[in-house]
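This briefing is meant for a reader who is meeting the structure for the first time. Please look through the sequence and the model shown here before turning to the points that follow.

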Amino acid sequence: MLTPAGSPAEVAGLRKGDIVLRADDRPIHSAAQLRNRIGLARIGEQVRLTVERSGALQNVIVAVGPASDASSD
């Protein structure tokens, strides 16, 4: 998972290599499922992600921010 500087993911503490397993207690099986879950959330809404990091599970709260244009990075 990429975490651009200053992004909601970085602010929440997500790191490169984290594997998202659940979003608000719903299983995540693909990047598309995660994008859809985040895309359906309102700006400012908090989404609880369960991630695997270095073999351990962690819960991370991410505040959804406005979409950014990845091509401008």
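In this predicted model, Asp 18 lies in the loop that runs between α1 and β1. Asp 18 counts as buried because its relative accessibility is 6%, and buried is the word used for values under 20%.

**Contacts of Asp 18**
- The side chain of Asp 18 reaches the backbone nitrogen of Arg 15, with a distance of 2.8 Å.
- A polar contact also links the side chain of Asp 18 to the side chain of Arg 53, and here the distance is 2.7 Å.

**Lys 16 in the loop**
- Lys 16 is found in the loop between α1, which covers residues 8-12, and β1, which covers residues 19-23.
- Lys 16 is exposed, since its relative accessible area is 72% and the term exposed applies to values over 50%.
- Although Lys 16 and Arg 53 are 37 residues apart along the chain, their C-alpha atoms are separated by 9.3 Å.

**The hairpin of β3 and β4**
- Strand β3, made of residues 46-53, and strand β4, made of residues 56-63, run antiparallel and are joined by 8 bridges.
- Within this pairing, Leu 49 stands opposite Val 60, a residue of β4.
- The hairpin has 2 residues between its strands, and Ser 54 takes a positive phi near 55 degrees there.
- As a general point, the side chains of a regular strand alternate between the two faces of the sheet.

Key:
Residues numbered from 1 in each chain as written. Predicted model: local features only at pLDDT ≥ 70, side-chain atom pairs only at ≥ 80, totals over all residues. Heavy atoms only, no water. Pairing = 2+ DSSP bridges. Helix = DSSP H or I, 4+ residues; strand = E, 2+ residues; numbered from the N terminus. Buried < 20%, exposed > 50% of the residue type's maximum accessible area, 1.4 Å probe, protein only. Polar contact = N/O pair within 3.5 Å; in protein donor to acceptor, adjacent residues only side chain to side chain.
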